[in-house]
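Please open the model in a viewer and keep the selection panel at hand.

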Amino acid sequence: MTRERDLLERDAAVLSDAMKIRFFPFVMETQEGATLTGGEGDTLIDFTASWAVANTGYRHPLVRERLAAQLDRATANSVLSVPHEPVITLAERLCDLLDAEFETKVWFGHSGSEAGELISKALPAAGNGDTVVTFEGSYHGITAGAATISGHSALAGFDADTVVTLPFPNRYRARLDGIDEAELTRRALASVESALRDHDVAGVVTEPLQSDGGILVPPDRFLEGLSKLCTEYGAYLVVDEVKAGLGRTGELFAHQHADVEPDAVVIGKPLGSGLPISAVVGRADIVDFEPAGHMMTTAAAPLPVAAAHATLDVIEDEGLTERARRLGARLRASLADLAEESPVVGDVRGRGLMQGVELVSAEGHAPDSELAAKTCLWARKHGLAVFYVGMDSNVLELTPPLTISETELDRGCELLAAAIADARTKTLDPELLERYAGW
């Protein structure tokens with residue numbers, strides 16, 4: 001028995017299935033830049049960045065340096081009761097980055113789920129109504145409140161009478177139905193206005209680019225129209241940038257591709273380059289909704305805050321936002337070639353280094369979730385790590401570290417093409433496919 005096989009069996013025996021979404025057999029031993037090395041010495045080019053966490057790449061030298069320095073100063077502190085200057089400075093930096101025209105404050109947590117939970121509490125408490133509008137396919141967190149304001153099929157069963165879930169405009173499916181983008185935007189905004197008119201809405205929560213819903217980029221003027229409606233009806237607009245933010249799409253925040261000023265922005269995964277930290281940056285009346293109303297003892301502890309400062313420095317000093325824009329165009333060109341050659345690539349979409357490849361049946365455009373699962377397994381065999389998302393579990397999510405080299409990016413695309421081809425023509429052990437069925 002190999003060491004990897006032994007570790008996978010031990011993992012299956014003792015780690016809860018409630019904390020797993022597995023796509024292929026692999027046990028990570030070390031990380032470097034944009035690669036993962038397993039216990040058997042095999043290396044994968046990583047097109048996942050650990051679910052869009054590692055924007056600065058794995059073990060970035062500056063992040064490591066700052067963490068080592070922080071270990072010499074302080075490691076445990078609860079900002080709930082004792083202020084710590086680096087936390088204050090980080091909050092000031094985030095407020096400056098949002099650059100809003102209103103009084104802004106910052107709440108800190110450990111995860112996107114905790115941040116989504118804050119929004120689920122704060123909107124009804126601070127807003128002019130008791131209802132939250134959200135969208136199908138949205139994923140704002142796994143905790144109860146965050147799941148309630150989400151619209152993803154993986155979170156079915158968390159419905160609430162005070163949450164209205166509306167269709168998110170899908171440009172690919174609209175094209176197949178003969179609906180142009182202007183009409184798609186009009187229909188989507190009409191459904192939002194109807195909800196605002198018929199309900200006592202405190203706020204609208206959206207992703208500027210849906211991630212787990214299938215890498216869905218909204219049509220032109222949708223976000224602007226959404227913002228205008230929120231202003232007209234006195235509702236807050238909250239934008240969830242947990243996966244799309246901090247440079248990934250070619251703008252520092254993905255909502256900056258549109259001309260909008262949200263009332264609050266949710267920041268998560270990449271802020272700490274792998275250490276647990278999240279934030280909600282927004283109107284003071286939202287994040288101040290209730291004294292001691294949403295607090296975590298170890299949120300914004302010294303080590304994650306040191307990592308966050310380093311992360312923001314790397315993004316700025318190394319021009320990672322512009323790099324994501326440039327490499328994103330290179331990735332998109334490779335994927336466009338793949339779509340031309342493969343009858344099962346129905347659509348390629350995204351922004352910057354956040355791209356989606358929708359896999360469909362060769363005859364027609366029916367979502368093919370089994371093909372996506374097989375592709376992830378074959379990709380691992382070829383030396384590439386890739387996951388899939390989507391309401392139909394058929395969209396490959398490509399979110400490599402923003403520091404990935406052009407050589408690694410190009411090679412990863414070659415491996416992806418080979419994996420899709422093998423998934424179409426070669427067989428896999430059914431037990432393997434069942435064990436690594438993803439979500």
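Which residues lie nearest the centre of the second largest pocket? In this predicted model, they are Val79, Leu80, Val106, Trp107 and Phe108, which belong to a lining of 25 residues.

**First stop: the pocket**

Strand 4 gives the most, with 4 residues. Colouring the lining by class shows 18 nonpolar, 4 polar and 3 charged residues.

**Second stop: helix 3 and helix 11**

Two packed helices are described by the angle between their axes and the distance between the axes. Select residues 61-71, which form helix 3, and residues 302-317, which form helix 11; the two pack at an angle of about 150°, with their axes 9 Å apart. Because angles over 145 degrees count as roughly antiparallel, helix 3 is roughly antiparallel to helix 11. Their crossing is right-handed.

To display the contact, show the side chains of Leu62, Val63, Arg66, Leu67, Gln70 and Leu71 in helix 3. Across from them, in helix 11, are Pro302, Leu303, Ala306, Ala307, His309, Ala310, Thr311, Asp313 and Val314. The residues of this contact comprise 10 nonpolar, 3 polar and 2 charged.

Select helix 8 (residues 181-198) together with helix 9 (residues 222-233). Here the packing angle is about 20° and the axes are 10 Å apart, which means that helix 8 is roughly parallel to helix 9. The crossing of helix 8 and helix 9 is right-handed. Helix 8 contributes Thr185, Ala188, Leu189, Val192, Glu193, Leu196 and Arg197 to the contact, while helix 9 contributes Phe222, Gly225, Leu226, Leu229 and Tyr233. By class, 8 of the contact residues are nonpolar, 2 are polar and 2 are charged.

**Last stop: helix 12 and helix 14**

Finally, select residues 320-341 for helix 12 and residues 406-425 for helix 14; their axes come within 10 Å and cross at roughly 25°. Helix 12 and helix 14 are therefore roughly parallel to each other, and their crossing is right-handed.

Which residues of helix 12 meet helix 14? They are Arg326, Leu327, Arg330, Leu331, Ser334, Leu335 and Leu338. Their counterparts in helix 14 are Glu406, Leu409, Asp410, Cys413, Leu416, Ala417 and Ile420. This contact between helix 12 and helix 14 has 9 nonpolar, 1 polar and 4 charged residues.

How values were computed. Residues numbered from 1 in each chain as written. Predicted model: local features only at pLDDT ≥ 70, side-chain atom pairs only at ≥ 80, totals over all residues. Heavy atoms only, no water. Axes fitted to C-alpha atoms, helices over the stretch in contact; angles between N-to-C directions. Parallel < 35°, antiparallel > 145°, perpendicular 65-115°, else oblique. Left-handed = near helix turned anticlockwise from the far one by under 90°. Contact = heavy atoms within 4.5 Å. Nonpolar A, V, L, I, M, F, W, Y, C, P; charged D, E, K, R; others polar. 1 Å grid on protein atoms, 1.4 Å probe; cavity = no way out; pocket = protein on both sides within 12 Å on 5 of 7 lines; lining within 4 Å.
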